Number of protein chains: 2
Amino acid sequence: MYRIGELATLFDVKTDTLRFYEKHGLLAPSNRSESGYRLYSNDDAEKLRFIIRAKAVGFSLSDIAELLSIELDKSNWACADVKGMVDIKLEQVQAKIAELEFFASSLSKLSDACCGGPESAEHCSILEALESSDKELQPKVEHHAAKPN
Amino acid sequence: MYRIGELATLFDVKTDTLRFYEKHGLLAPSNRSESGYRLYSNDDAEKLRFIIRAKAVGFSLSDIAELLSIELDKSNWACADVKGMVDIKLEQVQAKIAELEFFASSLSKLSDACCGGPESAEHCSILEALESSDKELQPKVEHHAAKPN
DNA sequence: ATAAACCTTAGAGTTAAATCCAAGGTCAAG
DNA sequence: CTTGACCTTGGATTTAACTCTAAGGTTTAT
């Protein structure tokens, strides 16, 4: 069992954030000490890890609450409901992955084109790199200037 | 050239949002009409598409501004600077992809386990599914209840 | 030539998500 | 038995990212 401050330190968040998540139904400590201190279990900690990860990839707290509710309301949902909800979220996640892979390939191209790639300095902005995703690269001279002083 | 309202409709955002992006240095129209109306080019539109995509995968507007600045300040940066910055962003993107792939596989497992998969109803929450990512699935009976009325 | 549908700016208001503050209770160490 | 580091609640404040309002100028269609 972790007290709020311990859990906060462990996950590098503020205690206020944990109380905020509790108030908004995302993460309640599974116990309280006699004097009323919040006591978080390992499962609570896992749940927090999930929340933090989901946030990092662009889900809002209400999206996350929805995902977590699959657990909370377990017995109140029919299979088909659970499956439908999960499948919708899965599509969202896969769409995000596709977007990110496009970014990643554009950024790689940009990185390779900048200084010394085999086809150096063709693309000097993400936008150019994105736009050129299907075009053929052509060797060209370097055109970066030095940083101003 | 698109007027602000046209571009807004095209990308399903508010005109206010476009003015907000301009004020914050993310997207300025490349022209103005004689009477002062904003006129956005196709390149401006591409830039907007990029902003919207980047937002959808969890980048903040200041993250995005940083990515776009690679273009804007093109001539003011040395190659190594550009490359370094791009590579940092690339790492962030790849980390996000890894997170999302973990989510996706957990969600798939959950979806498969719910109603009628070969090993039905083993996992009934994302958390269980996440925790079980390395454990072996065991066939088990369905245990979902019907929705209450 | 006038109404409807656009556009302008400046500034105020909203929402989500956190963060801070005040007044006080708890607990381990010296 | 008190000092310091923790915890409690309730409510105010902040930040990012919009979103709206007001007062007026422009364009297009009838």
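I began with the makeup of the surface near DNA strand C (near: a heavy atom of the residue within 4 Å of the strand): six residues are nonpolar, five polar and seven charged. Here Ala, Val, Leu, Ile, Met, Phe, Trp, Tyr, Cys and Pro count as nonpolar, Asp, Glu, Lys and Arg as charged, and the others, Gly among them, as polar. This is a predicted model, with pLDDT of at least 70 needed for local features and 80 or more for side-chain atom pairs, while totals for chains, interfaces and linings use all residues. Residues are numbered from 1 along each chain, chains are lettered from A and ligands numbered from 1 in written order, and side-chain values use heavy atoms, without hydrogens and water.

I looked up which of the 18 residues around DNA strand C come nearest: A:Tyr21, A:Tyr37, A:Leu61, B:Gly5 and B:Arg38.

B:Arg38 has an N or O atom 2.7 Å from a phosphate oxygen. A:Thr17 puts a polar atom 3.1 Å from a phosphate oxygen. B:Tyr37 has an N or O atom 3.4 Å from a base oxygen. Two elements give two or more residues to this surface: helix 2 (15-23) of chain A and helix 1 (4-11) of chain B. Helices are DSSP runs of H or I, at least four residues, and strands runs of E, at least two, numbered from the N terminus. I noted that helix 2 of chain A gives the largest share, four residues.

Then I followed B:Arg38 into its strand. B:Arg38, in strand 3 of chain B, is the bridge partner of B:Arg32. Strand 2 and strand 3 (38-40) of chain B pair antiparallel over two bridges; pairing requires at least two DSSP bridges.

Definitions and conventions: A polar contact is a pair of N or O atoms within 3.5 Å; within protein, one must be able to donate a hydrogen and the other to accept it, and residues adjacent in sequence count only if both atoms are side-chain atoms.
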